[in-house]
Amino acid sequence: MTSHDEHLHAGHDHAGHQHAMHEGHGGHDGHGDHSGHAAHGAHGGAGVNAMAASATLHCLTGCAIGEIAGLMIGTAIGLGTGWTIVLAVSLAFLFGYALSTLPLLKSGLALGAALSVVLAADTLSIATMELVDNLVMALIPGAMDAGLVNVVFWVGMMIALTVAFVAAFPVNRYLLQRGKGHALTHEYHDAAPVQEGFRRYIPSFSSGAMAAVIFAFMLGGLSVSVADELGGDPAPAEQMEMQGH
């Protein structure tokens with residue numbers, strides 16, 4: 001016959017065992033960070049592709065703004081082709097870095113820290129984009145020497161930026177998969193904006209909205225160029241008639 005004490009002892013051991021198992025499982029609260037693992041897991045397949053596309057579009061927007069501004073300034077002040085390209089590339093880097101820095105400043109990061117993060121995150125992507133973009137423009141006959149009111153320029157720019165996007169996408173995807181590139185800025189983009197001091201005046205730009213504005217601007221430039229070519233010279237028949245007189 002089992003004694004009362006032995007029965008109590010057995011029951012105590014069982015309860016203690018359950019408690020120990022529960023405490024051991026409670027240590028998995030660190031697994032509450034499974035959300036981080038889940039987010040990291042989302043970096044596979046469609047998740048990383050979407051983030052890479054967003055990062056590439058972000059860089060493309062800054063590059064397009066800088067390049068178009070540089071070409072307009074270079075043409076307006078009469079710079080040669082080489083210096084105009086230098087100016088356009090410089091402004092592409094400037095605008096690319098600026099568009100990435102603003103959200104970090106708005107999240108509360110200091111200017112120096114924000115710039116160091118952006119330089120590490122975006123340099124390779126912007127450099128790839130600029131190299132490919134200018135190479136394509138150089139390969140399109142007449143695109144580099146065409147003025148702003150020229151169909152060849154705007155068509156060439158659209159083709160060059162499209163190819164640059166395709167070239168920079170795998171670069172951003174590779175960096176994201178290794179926790180680099182745009183991944184370095186992602187946590188700051190998700191942070192709540194700081195509504196104090198000058199930071200509350202920092203605008204928030206959507207990459208998609210900015211890309212749409214740039215595309216609309218380029219379509220406008222193309223439309224003006226087409227209209228100029230169609231209406232700039234008299235029709236051949238009119239020219240022949242004028243020469244006959």
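Visitor: Is phenylalanine 93 buried, partly exposed or exposed?
Guide: This is a predicted model. In it, phenylalanine 93 is partly exposed, because its relative accessible area is 22% and the cut-off for buried is under 20%.

Visitor: And what about tyrosine 97, buried or exposed?
Guide: Tyrosine 97 is buried, with a relative accessible area of 17%.

Visitor: How are the rings of phenylalanine 93 and tyrosine 97 placed?
Guide: They form a tilted aromatic pair, 5.9 Å centre to centre, with 50° between the planes. The two residues are four apart in helix α4, so about one helical turn separates them.

Visitor: How many aromatic pairs are there?
Guide: The count comes to three. Another one is phenylalanine 153 with tryptophan 154: the centres are 4.9 Å apart and the planes are at 80°, so that pair is edge-to-face.

Visitor: Are phenylalanine 153 and tryptophan 154 buried or exposed?
Guide: Both are buried. Together with Phe217 they form one aromatic cluster.

Visitor: New topic. Which residues touch the most other members of the largest nonpolar core?
Guide: Met129, Phe153 and Met218 do, in a core of 35 residues.

Visitor: Which helices supply at least two residues of this core?
Guide: α3 (46-76), α4 (81-106), α5 (111-139), α6 (151-177) and α8 (207-232) each do.

Visitor: What is methionine 218 in contact with, leaving aside neighbours within four places in sequence?
Guide: Methionine 218 is in contact with Ile68, Trp154, Met157, Met158 and Leu161.

Notes
Residues numbered from 1 in each chain as written. Predicted model: local features only at pLDDT ≥ 70, side-chain atom pairs only at ≥ 80, totals over all residues. Heavy atoms only, no water. Core = buried A, V, L, I, M, F, W, Y, C linked by side-chain atoms within 4.5 Å. Buried < 20%, exposed > 50% of the residue type's maximum accessible area, 1.4 Å probe, protein only. Contact = heavy atoms within 4.5 Å. Phe/Tyr/Trp six-rings, centres within 6.5 Å; stacked < 30°, edge-to-face > 60°.
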